[in-house]
Structure formats: C-alpha cells, structure tokens
Amino acid sequence: MNSKTPKSNAARRQFLFDSAKMACGVGMLGLGLGLYAKQSKALPALALRPPGALPESDFLGACIRCGLCVRDCPYNTLELAKPEDPVATGTPYFTARNIPCEMCEDIPCVKACPTKALDHALTDINKAKMGVAVLIDHETCLNFLGLRCDVCYRVCPVIDKAITLDMQPNTRTGRHAMFLPTVHSEHCTGCGKCEKSCVLEEAAIRVLPPKLAKGELGHHYRVGWEEQKKAGGSLIDESKMLDLPDRLPEGAVLPGHYDPASGHTEAMRGMAGSEAGVIPSHPPGLGGKP
Amino acid sequence: MSQIANKKRIGAEAVEEKGWLGAHKWLLLRRISQLSILGLFLIGPLAGIWVVKGNLNYSHTLGVLPLTDPYVALQSLLAGHVPETLGLVGVAIVLVFYFLVGGRVYCSWVCPINMVTDAAGWLRDRLGIKGASSLSAKTRYWILGMTFIGSAVTGVVLWELINPVSMLHRGLIFGVGATWMVVLAIFLFDLFVMSRGWCGRLCPVGAFYSLLGRWSPLRISANKRSACNDCMDCFEVCPEPQVIRPALKGEGKGVGPVILAPNCTNCGRCIDVCSKDVFTYGLRFNNPVSTEKAGA
C-alpha cells in the first residue's frame, strides 16, 4: 500500500471528512447533554434528597439510579424522578409535604445504596442534613398570630432542640405572649415532619436546602458577648467606651435609652429573661401598671 | 403497496422446512428471557414477592447477588466516584458474564428496548418501508466516547440523564410517567426514519457491551455455510446485517465461519430463519478456515 496513490489520498480525505462530521454531530449532542447536566444540578427547593446524600453536584455523579433506597424505605417516602420531573431522571427524592422522612434509626436507605451517593458514614440519623426547616411565612403562621398551634414543634422528632418555642410579648393584645416556633439549624435534620403537619393550606414552615436556608457570618466576625464569656471578662476598658447617639423608630420607647436629641433618658424597666437579669415588671392585667 | 403482497416473508422457507416453532425457537426463547427478567423485577412491586430489587443499573437478587451495569459504573467512575464494595462486586460479575457469553447478549436477551425496536423493525418490513439510513453504525461509538468525556467534564453520570434503556426499565418498575413518550419516539424513529436506527447506530449502551464482548467465546457460526442458497433471509432479519457477510461468504477468502464481529448480538434469528440450518451457536475457537466438509 503506497500512501501516495491518489486513491488512498481520497480515502484519507473521506476518512477525515467522516470523522469531522461525526465529531461535529456528536459534539453538538454532547453540548446539549452537558448543558442539560448543568441544569439538572439545580435541584428544586422542595425536592429533598435521602439522608446522607452527597451535595447535589457530587450526587449526580455518584448515584447510579438503581432505586434500592426507594425499595428499602419502609414508609414509601422516596421516589425516583420520572423524566418529566424537575429532578435528574431516575434519582431518588422526596417531597416533605407529601411524605416526610420518618428518620429510621437503622437508616435502611443509606445501607441499601451500592454507591457513595448516600454516605455510609452516616450512622446516626440525628446527624442527617436533608435540609433545614425554615418558618418561612410569619404572616400566616398561627403562632405568629398569637395562637397556640404548636403543631410543628410537637411533631418534631428532635423536639426542644431543632424547634423551640420562643416566648415574645404579644404587642397586639398587650397582655399575651406569642410562642414563636424557632428552628435551630445545628439540630434540624430536614426530615420535613413539621412541613408535613403544618395545619395551613400551604405550609408556613418548609424544609429548604441548607444553602437556601442559611446565612453565613463573615469568617473574621466575632460576637462580643461570646468573646467576653470566653475571656471571662470584657476585652476592653468599658469605662472608656463611648455611647454614640442612636435613633429609635418614631414613637418607640426603650427603657434606659438615652435620646441625644432631647437629652432625655427613659426609665429602666428591664425585660423578662434578658441577660442583664433585671427583675421584670408585671405586665398589665397581672398587677402591673400600664 | 403491491410490493407487500408479492414480497415473500422473511423465513417463509424455514417455516415450511422446520415448522413455525422451529423457525422461531430462538426468538421465543429470547422473548421469554426478556420478559422473565422483567417479570422477576416486577413481582416485587406488584405482588410483594421480592426476588430482585432495583433495576438494570444495579440490582440485588435474594439479598445475595449484586449486579451492576458496568457502563453506568464507568461513567460514575469518570465523574469521580467509586461505588461501594457491593456495587463493585456487581460490576465484576456482570463484566465476567458478558465477556463470556457476548456483550451484546445484553441487547438481545435482556434489554427491554429491544422488544420495541424489534417491533418497529418487524412493522417496517411488513409495511414495506424503504429508505437508506444515512447514519453510520459507528455513530454509537462516538456517542459512547462523548458520554465518557462528558461524564468526566460535568461530574454527572451523563447518559443516564436521557438513557431510554434504563428509563424504560425503571419506568416499568417504579412508575412510567412520560417515559412512554421517549419509547414511542424510538419506535417511530426506527419505523419511519431509520431502519435499526436506535440499537444499530445510536445506542451507546449497546456500543459499550459490544466492546465488552469483543473476545467472547460464545459466538454464532455459519459452519454449514456451503449449504447456503443465498435466499438472503438472514441478512433481512439480522439487526446488524453487516456482521454476517465475512463469515458466511468467507470460504474463498480464507475467513472462518464464526461471526467474530462484536456487534453480533447472539440473538439467533439467523439460525431461526435459515431453512438450510447454516448457522448454529458455537465457540469462537472452533473456526476452521474451510468448512466444505461440514457443509457437505
């Protein structure tokens, strides 16, 4: 075979031409698929992955879409995404408002996973981070309206750690307390039982991916009172501290506040439960003066 | 349309010679294999009898036998993730099995899409739809390569985003959803756009398994090729007709009768439709250059 014969030259041309054709055609398909892959990493906020799931970008590379976790879930919580779902096809997810995670102690879904998509190092379900519950609507939450619904708090499997009821004065009635469900993200597993059982038409508390639910302090940021606790005393000479003028909202009254404009200082009353530990005054109706 | 009436059905001679059952033996066995595998997966969710859990990507049989699709596992590996031990054992078992029996046995004896494309091929033949296919049978290897590179670049098991094979199998077991549209699209593509278009030209799963069975011992052999009467039925019925010629017509060229082309799916349809019993299952090692005696 002499490579310089015209025939083999033509054959080589044909080969190069065919290869270029293939590379372009398949390249376009690949480009489309690649962009689709990028899109598929954007998991909808209300689709939650099983316990121990890797971060979404890793999950889609590790999960082989076998559905073993779905099969071993005793509560039929998990489902595999169908092609029309906004979740990468064939991957497991659950919707808390439909069926939340029941937080099995033996975590069968993780055990069933033949890959590392569900991290087998997760052996304590209380350490799961499927998401973080957020009391997202303060306008409709019954407890924020001053009622004692408390359902999300009662059903929380990590009650009094993941969700607490924080007592606040009800300024609308002036004589009651509001018990505000408050999520503590370090204890919340994102199981979704609170979202499932919220009595509203649309849940006021929802489990969101941590990256949507959580803010992040600047890493240089230090909280003064914690530093003070650690050091066992103030880090600065408090006698030299300047009290800069600050302004309260129109009409607001804060006990002990010095108003630089009028030179007037409000009388101290102290607030219940404050760290300052001042004895609280009685609220009106309980013997206190309005 | 008169063409349909005049055209002799593929395998008509074989039916006359061997009877309908004899001329459809391997086809029936293949359908039984495909349907019973599907059935094993289905009696769990349907009847609560859990023999196999999972789907073709990974399954766990009777709590002891793990089976992993090596193509999916390889994409995952390229995306930067190593399966757990059980997943790896499953890969090894599947690799060894298809290395021995022929990679594309997966296509013809297991894959659920095969029944769809076979149906399209059959209907295409019955309706007499002609038309040259413009896509090379090598396209699938380009797509295969693309999925490997793509998985590495995106960090996603790329082909699983759209793989109709796992989509259909998963859909049947876990809930169909819009999967039927994808399956219908493939059926119509094979029926009207391109003969054997999906399995024979595009599907990278088949391409992967063809490479896996590149040196598999179990092969189809045309060891009575001298009895061939050139009826062309085997070429007509074969899903990968290009694999037959070298073996069947190689007598004068010093080529043995074993079909060595890796894209032969070992489906056995050529055995069925041949009225002269030219073809048989055999081993690749039993490949004498001359088969005059065997055929005599």
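Analyst: What follows starts with the pocket and then turns to salt bridges, cores and cavities.

This is a predicted model, in which local features need pLDDT of at least 70 and side-chain atom pairs count only at pLDDT 80 or more, while totals for chains, interfaces and linings use all residues. Residues are numbered from 1 along each chain as its sequence is written, chains are lettered from A and ligands numbered from 1 in the order in which they are written, and side-chain values use heavy atoms, with hydrogens and water left out.

The largest pocket has a volume of about 1100 Å³. On a 1 Å grid over the protein atoms alone, a pocket is an open set of points with protein on both sides within 12 Å along at least five of seven lines, whereas a cavity is a set of points where a 1.4 Å probe fits but cannot get out; lining residues have an atom within 4 Å of a point. Grid points are joined across faces, edges and corners, and the volume is the space filled by probe spheres set on the points.

The lining of this pocket comprises 49 residues, and those nearest its centre are Ile10(B), Gly121(B), Arg196(B), Glu236(B) and Val237(B). By class, the lining has 22 nonpolar, 12 polar and 15 charged residues. Here Ala, Val, Leu, Ile, Met, Phe, Trp, Tyr, Cys and Pro are nonpolar, Asp, Glu, Lys and Arg are charged, and the others, Gly among them, are polar. Helices of chain B that each supply at least two lining residues include α2 (12-22), α3 (25-47), α7 (113-127) and α11 (197-202). The most comes from α7(B), with 8 residues. Helices (H or I, at least four residues) and strands (E, at least two) are DSSP runs, numbered from the N terminus.

Asp118(B) is found in helix α7 of chain B. At 14% relative accessibility, Asp118(B) counts as buried; buried means under 20% relative accessible area, exposed over 50%, and partly exposed in between, with a 1.4 Å probe and protein chains only. Leaving out residues up to four places away in sequence, Asp118(B) touches Arg30(B), Arg31(B) and Arg196(B), where contact means heavy atoms within 4.5 Å.

Asp118(B) and Arg30(B) form a salt bridge with the closest N and O atoms 3.2 Å apart. The partners belong to distant parts of the chain, Asp118(B) in helix α7 and Arg30(B) in helix α3 of chain B, 88 residues apart. Arg30(B), like Asp118(B), is buried. Salt bridges with shared partners join Arg30(B), Arg31(B), Asp118(B) and Arg196(B) into one network. A salt bridge is a side-chain nitrogen of Lys or Arg within 4 Å of a carboxyl oxygen of Asp or Glu.

Over all chains the structure holds 17 salt bridges. In one of them, Lys53(B) pairs with Asp72(A), at 2.7 Å between the closest N and O atoms. Lys53(B) lies in strand β1 (residues 52-55) of chain B and Asp72(A) in helix α3 (residues 68-72) of chain A, so this pair joins two chains. Lys53(B) is partly exposed at 25% relative accessible area, and Asp72(A) is partly exposed at 24%.

Another salt bridge links Lys193(A) and Glu102(A), at 3.0 Å from N to O. Because Lys193(A) is in helix α6 (residues 193-197) of chain A and Glu102(A) in the loop between β2 (92-93) and α4 (108-112) of chain A, the pair ties together parts 91 residues apart in sequence.

The largest nonpolar core has 102 residues, and Tyr98(B), Tyr106(B), Ile113(B), Ile244(B) and Phe279(B) have the most contacts inside it. Helix α12 (residues 204-212) of chain B gives the largest share of this core, 5 residues. A second, separate core of 7 residues includes Ile64(A), Leu68(A), Tyr58(B) and Val72(B). Such a core is a set of buried Ala, Val, Leu, Ile, Met, Phe, Trp, Tyr and Cys residues joined through side-chain atoms within 4.5 Å.

The cavity count is 8 at 30 Å³ or more. The largest cavity has a volume of about 130 Å³. It is lined by 15 residues, with Pro51(A), Cys73(A), Cys101(A), Cys104(A) and Cys109(A) closest to its centre. The lining of the largest cavity divides into 13 nonpolar, 1 polar and 1 charged residues.
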